[in-house]
Amino acid sequence: MTFKTTIAATFAVLSFATAGFAADVTVTDSYARVSSKAAKSGAAFMMIENATDSDDRLIDARSDAAKMVQLHTHKEGENGVMQMLHVEDGFAIPAGDTHLLQRGGDHVMLMGLTKSLEHGDAIDLTLVFEKAGEVTVTVPVDLERKPDHGALKHSH
Ligand SMILES: [Cu+2]
């Protein structure tokens with residue numbers, strides 16, 4: 001009887017732990033931009049919230065809208081010019097935190113657009129997280145968005 005009780009207790013604990021991980025990684029406030037209708041590349045920005053108990057990482061992104069999709073960031077070069085860098089390791093999305101992809105910072109780069117994009121269009125973007133797996137979002141092309149719109153001021 002004692003053995004059976006232990007099994008039951010263990011199961012209860014496991015179920016509880018599983019429920020704790022049911023919270024998800026969510027993507028909100030996404031939008032994409034191109035410099036013009038003839039642009040061959042574009043970029044997507046969004047807010048990624050990790051409501052789980054474990055650190056996650058955005059490691060890849062895919063889209064039919066572009067031949068190549070990369071995770072980029074901006075860094076100031078020696079001459080003070082902002083440069084885009086391919087971030088091979090992806091972006092850390094800490095547990096219980098929000099990571100913002102925004103203009104002038106981390107972004108999803110769409111290289112070799114398969115069709116021209118203009119304001120009002122939308123693209124499907126699949127984000128690949130190390131732990132949460134694949135999350136597909138429909139990203140509106142928004143050329144009127146101001147750079148600081150939707151930006152959260154996170155103090156940590
Ligand atoms: Cu870029």
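For the metal site I took as donors the N, O and S atoms within 2.8 Å of the metal, and since water is not among the atoms, a site may look incomplete. The model I am reading is a predicted one.

I then listed the coordinating atoms, which are ND1 of His72, SD of Met84, NE2 of His107 and SD of Met109, at 2.1 to 2.2 Å from the copper ion. Methionine 84 lies in strand β5 (residues 82–86) and methionine 109 in strand β8 (residues 107–113), so that I recorded a pair 25 residues apart that links distant parts of the chain. I assigned the arrangement as tetrahedral because the 4 donor atoms subtend angles of 91 to 118° around the copper ion.

I located threonine 52 in the loop that runs between β2 (41–50) and β3 (56–62), and I marked threonine 52 as buried because its relative accessibility is 13%, where the cut-off for buried is under 20%. I also checked its surroundings: the side chains of threonine 52 and asparagine 50 are joined by a polar contact of 2.6 Å, and the C-alpha atoms of threonine 52 and aspartate 24 are 5.8 Å apart although 28 residues separate the two in sequence.

How values were computed:
Residues numbered from 1 in each chain as written. Predicted model: local features only at pLDDT ≥ 70, side-chain atom pairs only at ≥ 80, totals over all residues. Heavy atoms only, no water. Helix = DSSP H or I, 4+ residues; strand = E, 2+ residues; numbered from the N terminus. Buried < 20%, exposed > 50% of the residue type's maximum accessible area, 1.4 Å probe, protein only. Polar contact = N/O pair within 3.5 Å; in protein donor to acceptor, adjacent residues only side chain to side chain. Donors = N, O, S within 2.8 Å, 3.2 Å for Na, K, Ca; no water. Tetrahedral: all angles 85-135°; square planar, octahedral: opposite > 155°, others 65-115°.
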